[in-house]
Amino acid sequence: MIEVKRIYLDHAATTPADPQVVEAMQPYFSRRYGNPSSLHTLGAEAQEGLQKSREQVAQMLGTEPQCIVFTGSGTESDNLAIKGLAWHKKRGHVITSGIEHPAVLETCRHLEKNGFSVTYLPVDSQGLVNPEHVAQAIREDTILVSVMHANNEIGTIQPVKEIAAISHEHQVPVHTDAVQSVGKVPFTVDDLGVDLLSLSAHKIYGPKGVGALYVREGLKLQPLLHGGGHEKGLRSSTENVPGIVGLGTACELAGQRRDRDISHMRRLRDKLIAGALEIPRAYLNGHLQKRLPNNAHLRFTAIEGESLLLSLDEKGVAASTGSACSSKKLQASHVLLAMGLTEVEAHGSLRLTLGRGTTEEEIDYVLDILPPIVEKLRKMSPLWEA
Ligand code: PLP
């Protein structure tokens, strides 16, 4: 059997757990299995694991451990931030963007069904929110502005700092979904000026099914889960100790390696974009500079992203047409449509996202196989006029 190379260029969907993360988690499955709420030594050991992780997450975000709430995912962090604040306020108006992850968009739609009103801000052709639009959308009853830090599909980095400054002039708190930017963009919560920030372990070489929410001191939220009062009453559930320890370790590693990771990924990403754009009628989606260092989101005239993805997979390359959640539906991406692309253009898109372990050899390989695949698919496409 011919061995097919496996090249993983879908790090925006998820990342492999770092061996150091796995090693740090291991004892908490077997030897240190206590319940952190128990008063005996095993409980105290588990509690120490939680505390260390809280410090690691806080340090990476430039904040204090008491501001970190552990959750079960990035999705849950987004839900807790938005619904938690909305339920606390009981009524009001929320501002978000039209290109958020479904974890934010669907939460806002749910709020609309429950008596809240929501403004979905437009983006420009490169996927950027204009802070002026935030200023125009703020009303007397606005309770929250939620704009993502970096987009999961096109990698565009939003002007969150400017958006937060404007919102705070009106005493409106700001949430940002930083699930994709952690470890790829240097920032602290104070740099961004946000009051709530979501992150997820599995996007930063940690385990799946664990996340965290930063909550600025003094900001009141209603919990989504009621029970034993864990996480200062904000998230009842016996804590996922191994997962949380993995998240903390992943955050510490992300902090230590961030500068190296950024320059490594950016160099290879630029090479990938430059090489791919040599293909006739190939385009880059999103902003050239204001984008995540690992994101290459490309569009090829007269090609279906799904066919391209399958052809790449046959050659051992794992890519995506958009977010992992939407790529199983054959719906055009709401992000690309919001940027003004047509349905056909949106369907011709491919997302390649690099990681810490991506090599130059892998990028060279992709650049070797991509042009003939595109050419072959175009020959079969009724849309292609050479
Ligand atoms: N927000 C963004 C921007 C994401 O990319 C993702 C995952 O794809 C999520 C939220 C959801 O995170 P999780 O998979 O941990 O629920």
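Predicted model: local features only at pLDDT ≥ 70, side-chain atom pairs only at ≥ 80, totals over all residues.
**Overall fold**

I began with the secondary structure and found 12 helices and 12 strands in the protein chain; helices here are DSSP runs of H or I with at least four residues, strands are E runs of at least two, and both are numbered from the N terminus. The radius of gyration of the protein chain is 21 Å, close to the 21 Å of the globule rule for 386 residues, so the chain is as compact as a globular protein of that length. That radius is taken over C-alpha atoms, and the rule is 2.2 Å times the number of residues to the power 0.38. I also looked up the extent of the C-alpha trace, which spans about 70 × 55 × 35 Å along its principal axes.

Residues are numbered from 1 along each chain as its sequence is written, and side-chain values use heavy atoms, with hydrogens and water left out.

**Around the ligand**

Then I checked polar contacts, meaning pairs of N or O atoms within 3.5 Å. A polar side-chain atom of threonine 75 sits 2.6 Å from a ligand oxygen. For histidine 202 the distance to an oxygen atom of the ligand is 2.9 Å, and for a side-chain N or O atom of histidine 101 it is 3.4 Å. The protein covers 89% of the 390 Å² of accessible area that the ligand has on its own, by the Shrake-Rupley method with a 1.4 Å probe.

Which element gives the largest share of the lining of the largest pocket? I found that H11 does, with four residues; lining residues have an atom within 4 Å of a pocket point, on a 1 Å grid over the protein atoms alone, and a pocket is an open set of points where a 1.4 Å probe fits, with protein on both sides within 12 Å along at least five of seven lines.

Key
Polar contact = N/O pair within 3.5 Å; in protein donor to acceptor, adjacent residues only side chain to side chain.
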